[in-house]
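Hi,

Here is the structure I promised to hand over.

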Amino acid sequence: MKKKKIEKPKKENKIKSINEKLWDDFTIEELESREEFNSPNILIEGGPGGCCVYKCWTVGVVFCGAAM
Amino acid sequence: MRVSNYIIKAKLSDNKYLLFHSYTGALDVVNKKVGEYIENPKKNYIDKESLNTLTKRGYITDKSPREEEKHVLNIVKLLQSKIKTEYVFTIIPTYRCNLKCTYCYQDSIKRDNVSIDKNVVDKIFEIIKNFSYSNNKIFKTIQLFGGEPFLPENYKIIKYILNIGKELGYKFAVSTNGVCLDQYISLLKPKFFKGIQITLDGIENVHNKRRLKKNGTGTFKEIVRNIDIVLSKDIPLNLRVNIDKRNFENFKYLVKYISEKDWTNYPNFQVNFRPVYFVSKNRKKKYGFTNYLLYKKVILLLGKEYLWMNMGNITFPFEPIISDIFRGKGYAGFVAFYCVAQRGSVIFDPYGDLYSCWRTCGEKFWRIGKYIPKLTWEENKLNILKNRTVVDISKCRKCKLALLCGGGCVVKAFDDSRSLYNPGCEDDIEKLLIKKFPIIYNKLKQKNKEDTKYINHFFSE
């Protein structure tokens with residue numbers, strides 16, 4: 001007789017992390033010395049950029065409330 | 001150990017929760033049990049492994065609320081010291097305008113017949129050149145703003161500005177009311193124009209009551225005709241729709257109109273619905289709107305299928321930050337400041353004054369310098385703007401959005417409270433963020449699956 005195959009219950013993924021690099025508990029000095037910190041992609045340079053047109057044409061997000 | 005004060009949590013549709021830790025930058029999808037534990041750790045239980053992960057990611061912390069606050073301030077100080085200013089230039093050829101819109105915020109400023117001439121333009125570009133010689137980081141698109149920059153009588157000077165800018169390797173973008181745009185078409189080459197923003201506030205009878213000419217006649221027909229022309233020229237067009245209590249109920253008809261016009265089929269078309277912000281308390285109460293209200297009304301009036309339109313935008317770079325995390329760009333791109341008006345924005349007005357914020361051009365209180373007869377800066381104001389961070393705003397220090405928002409708009413803070421050191425954030429912004437967070441996430445997830453190219457106008461909600 002064929003044995004009935006018992007399916008193992010799937011292990012539920014309780015926490016799925018999207019990213020790895022965190023601004024965690026390292027000190028500011030440690031953070032400054034990290035190579036990645038000085039890469040241009042890490043920080044948004046010059047502040048976030050507030051005005052409509054500036055952001056519209058760069059990341060497609062409108063910020064400014066000024067009505068034109 | 002305790003649950004951190006800096007968690008943004010949103011429910012996903014499939015019995016899961018989305019967590020974002022707003023100073024570690026952790027982004028996680030968790031199951032219902034973990035989500036409930038974060039909500040109320042005393043009444044719920046999770047296994048050790050999950051607890052360890054939550055601790056590692058910052059959601060569970062041994063820091064006291066005060067220590068967490070201090071950690072956030074340390075990050076702000078670090079960002080403040082490391083961020084390199086990127087300069088963004090705007091030229092206002094004139095404050096004059098051919099319209100008298102019902103909500104114009106420039107009503108109180110001096111708007112006589114002054115326009116810039118060739119000598120002034122030369123002076124402006126001399127200054128811009130010096131900025132780049134000094135090894136500064138420059139945003140290579142110059143904005144044209146007003147008043148109305150594209151008045152027929154400005155044609156020659158605009159042409160002159162564009163020619164010099166092009167020679168120096170700059171591109172341009174313009175905010176125009178669009179009424180006389182057809183007279184400028186020969187100057188608008190897709191290669192040099194990164195974008196045009198035109199405002200349409202509703203279908204014809206609604207728009208014409210809000211955006212009318214000095215003689216009281218409407219502008220709808222001219223604007224629509226010119227939108228068609230710009231779209232056919234492959235120039236990116238941002239259609240702005242200003243919404244307040246006087247026109248929000250009609251905006252569904254505009255949405256229908258946009259669909260019927262087939263504008264959405266143009267890859268160079270995007271639309272942004274924006275609430276009108278009023279400074280006066282009476283007008284704000286009577287007519288004012290917020291992004292949160294706009295978002296709620298969209299859902300109520302139109303249903304979720306219209307969420308591809310840019311409505312109810314979050315007024316700080318939450319979406320780019322989450323998007324960068326998705327694209328594996330390392331640490332979350334937290335911010336120390338709200339806006340380029342605090343660092344980097346230089347606006348040349350026709351009177352020889354310099355400003356940093358479009359909203360306040362022409363208001364002497366906000367002037368940051370002069371460039372005629374010679375370049376001088378009001379260092380005290382620049383320093384105040386440059387150094388205003390959440391560190392100085394006690395109400396922001398405890399806010400979980402501190403590293404996303406940077407203290408909010410400095411002008412709004414002053415308008416609302418007569419102090420620069422109060423929060424300048426939009427009403428109900430946290431509620432909006434929690435509503436939109438899962439939508440942003442699902443869209444990015446979908447994008448990753450399809451491995452599609454990052455397209456600006458489909459990325460924003």
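**What turned up**

α4(B) passes α5(B) in a right-handed crossing (the near helix is turned clockwise from the far one by less than a right angle). The contact is made by K118(B), V121(B) and F125(B) on α4(B), with I157(B), Y160(B), I161(B) and I164(B) on α5(B) (contact is C-beta atoms, placed from the backbone, within 7 Å). By class that is six nonpolar, no polar and one charged residues (Ala, Val, Leu, Ile, Met, Phe, Trp, Tyr, Cys and Pro count as nonpolar; Asp, Glu, Lys and Arg as charged; the others, Gly among them, as polar).

This is a predicted model, where local features need pLDDT of at least 70, side-chain atom pairs count only at pLDDT 80 or more, and totals for chains, interfaces and linings use all residues. Residues are numbered from 1 along each chain as its sequence is written, while chains are lettered from A and ligands numbered from 1 in the order written.

Now the sheet: four strands form an open one, ordered β1(A)-β4(B)-β3(B)-β2(B), with antiparallel pairing (strands are DSSP runs of E, at least two residues, and helices runs of H or I, at least four, numbered from the N terminus; pairing takes at least two DSSP bridges). At the edges sit β1 (15-17) of chain A and β2 (7-11) of chain B, each pairing on one side only. β2(B) pairs with β3 (residues 16-21) of chain B over five bridges, in the antiparallel sense. In β3(B), L18(B) is the bridge partner of A10(B).

Cheers

Notes
Contact = placed C-beta atoms within 7 Å.
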